[in-house]
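Please read it beside the structure.

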Amino acid sequence: MTGKVRLQGKLYTALILLFLYAPIFVMITFSFNASKSHTVWAGVTLDWYRELFSDKLILKAFYTTIAVSVISAAFATLVGTCAAVGLSNMRRRWRTPLLFVNNIPLINADIITGIAMCLLFVFLGGFLKFKRGFGTLLVAHITFNIPYVILSVMPKLRQLDDNLVDAAMDLGCTWQRAFRKVMLPEIMPGIVNGALIAFTMSIDDFVISYFTAGSKTQTLSMAVYAMTRKRISPEINALSTILFVSVLILLLIINIREIRQEEKQKKLLKIGGKI
Amino acid sequence: MKNKICALIALSLAAALLIGCAKTPASGDSTPAPSAPAALSGEVNVYNWGEYIDESLLAEFETQTGVRVNYMTFQNNEEMYASLRLGGSEYDVIIPSDYMVSRMIAEDMLEKLDFANIPNAALIGDRNKAPEYDPAGEYSVAYMTGTVGLIYDSSFIADGDIIDSWSFLFDPAYSGEILMIDNPRDAFGIALKYLGYSLNTTNKDEIQEAYKLLSAQKPLLQAYVMDTIFDKMEGGEAAFVPYYAGDYITMKESNPNLRFVLPREGSNVFADAMCIPKGAANKRNAEAFINFMTATDSAARNMEVTGYVSANAEASKSYAENYDEADRAVLFPADDELADCESFINLPQDILTLYDELWVSLKA
């Protein structure tokens with residue numbers, strides 16, 4: 001009886017996984033197809049990958065995307081961490097509404113954030129004589145990344161014992177030193193996870209980039225979208241495959257880190273229990 | 001401690017803002033001073049369809065003229081139009097389709113071109129020199145053109161049927177084997193042509209008649225399609241689909257049973273044309289770019305990469321030699337074959353609204 005149930009459960013899981021990953025699997029398979037068709041298989045080739053890497057427009061868009069993701073993730077991590085530290089030191093009466101405000105951009109539809117920012121940049125650009133471009137794109141990405149970092153650092157701060165910092169300062173640390181030597185190492189896992197999430201969010205954003213990049217900058221997702229005018233070229237399959245694999249690797253890193261941290265904590269608790 | 005941390009937050013936020021703002025104006029600095037006609041400098045911002053150019057031409061234009069090219073791509077006309085309408089964009093060359101050119105002319109969004117700077121415009125074929133969408137030929141230089149025709153899979157065709165008319169798209173004998181373009185303007189255009197009307201008609205009765213024809217056709221259809229046309233026709237899943245001649249050549253490589261015909265009732269000839277948006281900062285560079293792209297060598301190379309037919313008559317004539325006779329007839333129809341064909345032009349708002357309403361109720 002239980003064996004049957006277990007089998008059914010496994011089948012169900014397999015079906016769900018198939019449903020989730022079949023499209024991606026098809027996409028990856030056809031990125032190696034020798035013909036341009038998505039129905040007729042004409043042999044294995046790496047031509048689409050070769051073509052992809054000789055496509056200057058795509059490569060330029062790729063560099064833009066990487067630059068925006070790295071810089072915005074770094075900035076958002078800095079700002080977000082500071083904000084989280086500040087928030088956790090606030091009275092609950094202020095902290096709760098501020099956290100709520102912080103969560104709004106996460107729930108808000110991208111298209112609304114995108115259009116709002118676009119209008120803001122066009123409006124400000126009129127006054128301050130700037131045009132939308134890499135700068136505005138970067139500001140937009142930093143903006144939508146910050147809440148993710150805050151959200152990922154806050155729990156670590158909550159776990160942190162307030163007395164630790166006080167103790168450090170009692171023992172002669174300046175507050176900067178206490179922050180650097182005591183608080184920072186404790187919340188570091190949250191910061192790193194936040195940075196990784198911000199980076200991934202940046203890489204796959206299309207809608208907000210589309211509205212804020214202006215007429216001289218194009219990210220990868222924008223370039224891909226423009227390539228879908230008629231038929232989806234296998235070059236796009238190749239590109240999507242590469243993107244999928246890199247995001248997958250990033251997610252794996254994030255998850256493995258989290259599991260390791262949990263195990264470490266469990267061990268520490270055990271030791272603590274023995275003492 | 002609390003205060004200091006707050007100050008730190010404020011400081012980093014201010015820094016973020018400063019860096020963000022400081023970076024942005026920098027991109028505007030490079031706008032060049034108006035240059036003398038002989039020597040060009042500065043940049044040109046080009047906004048073209050995705051995958052619609054031989055990219056090596058861009059680098060070549062840069063070395064030849066010293067003008068830096070910023071090349072951006074869009075996916076459809078409406079997207080391009082919206083990004084211009086929004087303001088704050090700074091494109092110098094745009095490449096909209098026929099009906100969008102005529103709409104932008106009507107809305108005063110385009111600059112008149114100085115043809116003294118575009119001598120190669122003389123190489124454009126007669127049909128595209130003063131096209132329906134730009135009757136005076138003042139605002140645009142045609143880039144690529146092509147026809148929409150009836151693509152069919154000969155293995156589906158009953159003996160004795162000679163395919164030369166749109167009538168097969170409405171033929172119950174092929175029920176379940178017909179595909180239709182999923183786009184109001186093209187679908188109505190075909191119905192109107194079959195009924196003997198202009199595809200730019202503003203007569204509402206004619207449009208209603210076309211609507212009746214399309215709703216009678218709906219039960220016969222396998223599907224309304226766009227992106228999946230290639231896969232369906234290459235996989236031999238359907239008998240008929242109206243689509244572009246250039247794409248037929250690609251599909252045929254995977255399915256040799258496919259044929260293309262320009263129906264006798266006439267059809268749609270599309271053209272995408274290079275224009276300069278109103279107020280472009282680098283008009284002189286833009287004209288140099290248009291001239292460069294219209295040259296016979298560039299035109300031939302663009303044809304090679306995109307598979308569409310250049311509006312440059314010389315280039316398309318010499319390039320036609322690369323195809324066998326059958327394909328040449330498909331891609332480069334003679335002018336008299338195109339006598340009944342039309343390009344889309346902009347329509348009054350009430351007609352466009354009518355199209356939208358009828359299309360929604362057709363698909364419902």
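## The parallel sheet

In this predicted model, strand 1 (residues 43-49) of chain B pairs with strand 2 of chain B in the parallel sense, over 7 bridges. Asn45(B) has Asn70(B) as its bridge partner in strand 2 of chain B. Val46(B) stands opposite Tyr71(B) in strand 2 of chain B.

Strand 1 of chain B also runs parallel to strand 3 of chain B, and 2 bridges join them. Here the bridge partner of Val46(B) is Val93(B), in strand 3 of chain B.

## Crossover and cover

How is the β-α-β unit handed that strand 1, helix 2 and strand 2 of chain B make? The unit is right-handed, and its helix 2 spans residues 56-65 of chain B. Strand 1 of chain B is mostly covered, with 6 of its 7 residues buried.

Glu51(B) sits in the loop between strand 1 and helix 2 of chain B. Its phi is positive, about 50 degrees, although Glu51(B) is not a glycine. Most residues other than glycine have a negative phi. Glu51(B) is buried, because 22 other C-beta atoms lie within 10 Å and the cut-off for buried is 20 or more.

## Domains of chain B

Chain B comes to 13 helices and 10 strands. Of its 364 residues, 40% are buried. Among contacts in chain B between residues at least 6 apart in sequence, 76% join residues at least 24 apart.

Chain B is divided into domain 1 (38-145 + 270-325) and domain 2 (147-269 + 334-363). The centres of these two domains of chain B, taken over C-alpha atoms, are separated by 28 Å. Their contact takes 15 residues from domain 1 of chain B and 12 residues from domain 2 of chain B. On the domain 1 side, helix 4 and strand 9 (269-274) of chain B each supply at least two residues. Helix 4 of chain B gives the largest share of that side, 5 residues.

## The nonpolar core

Which members of the largest nonpolar core touch the most other members? They are Val93(B), Phe240(B) and Phe289(B), out of 142 residues. Both domain 1 and domain 2 of chain B give residues to this core, so the core lies between them. In soluble globular proteins, nonpolar side chains tend to be buried together.

Arg127(B) lies in the loop between helix 4 (98-106) and strand 4 (141-153) of chain B.

Leaving aside neighbours within four places in sequence, Arg127(B) is in contact with Asp335(B) and Leu338(B). Arg127(B) and Leu338(B) are 211 residues apart along the chain, yet their C-alpha atoms are separated by 9.5 Å.

## Where the chains meet

Contact between the chains involves 42 residues of chain B and 44 residues of chain A. On the chain B side, the elements that give two or more residues are helix 1 (2-28), strand 1, strand 2, helix 7 (229-234) and helix 8 (245-254) of chain B. Helix 1 of chain B provides the largest share of this side, 15 residues.

## Two features of chain A

Helix 8 (residues 175-204) of chain A has a kink of about 55 degrees at Leu184(A), shortly before the proline Pro185(A). The buried residues of this helix include Ala178(A), Ile187(A), Gly190(A), Phe199(A) and Met201(A).

Lys129(A) is found in the loop between helix 5 (110-128) and helix 6 (134-159) of chain A. Lys129(A) is not a glycine, yet has a positive phi of about 60 degrees. Lys129(A) counts as exposed, because it has 10 C-beta neighbours inside 10 Å and the cut-off for exposed is 12 or fewer.

Definitions and conventions
Residues are numbered from 1 along each chain as its sequence is written. Chains are lettered from A and ligands numbered from 1 in the order in which they are written. This is a predicted model: local features need pLDDT of at least 70, side-chain atom pairs count only at pLDDT 80 or more; totals for chains, interfaces and linings use all residues. Two strands pair if DSSP finds at least two bridges between them. Helices (H or I, at least four residues) and strands (E, at least two) are DSSP runs, numbered from the N terminus. A nonpolar core is a set of buried Ala, Val, Leu, Ile, Met, Phe, Trp, Tyr and Cys residues joined through C-beta atoms within 7 Å. Domain bounds come from an automatic or database domain assignment. The bend at a residue is the angle between axes fitted to the seven residues ending there and the seven starting there. A crossover is right-handed if, with the strands pointing away from the viewer, the path from the first strand over the helix to the second runs clockwise. Two residues are in contact if their C-beta atoms, placed from the backbone, lie within 7 Å.
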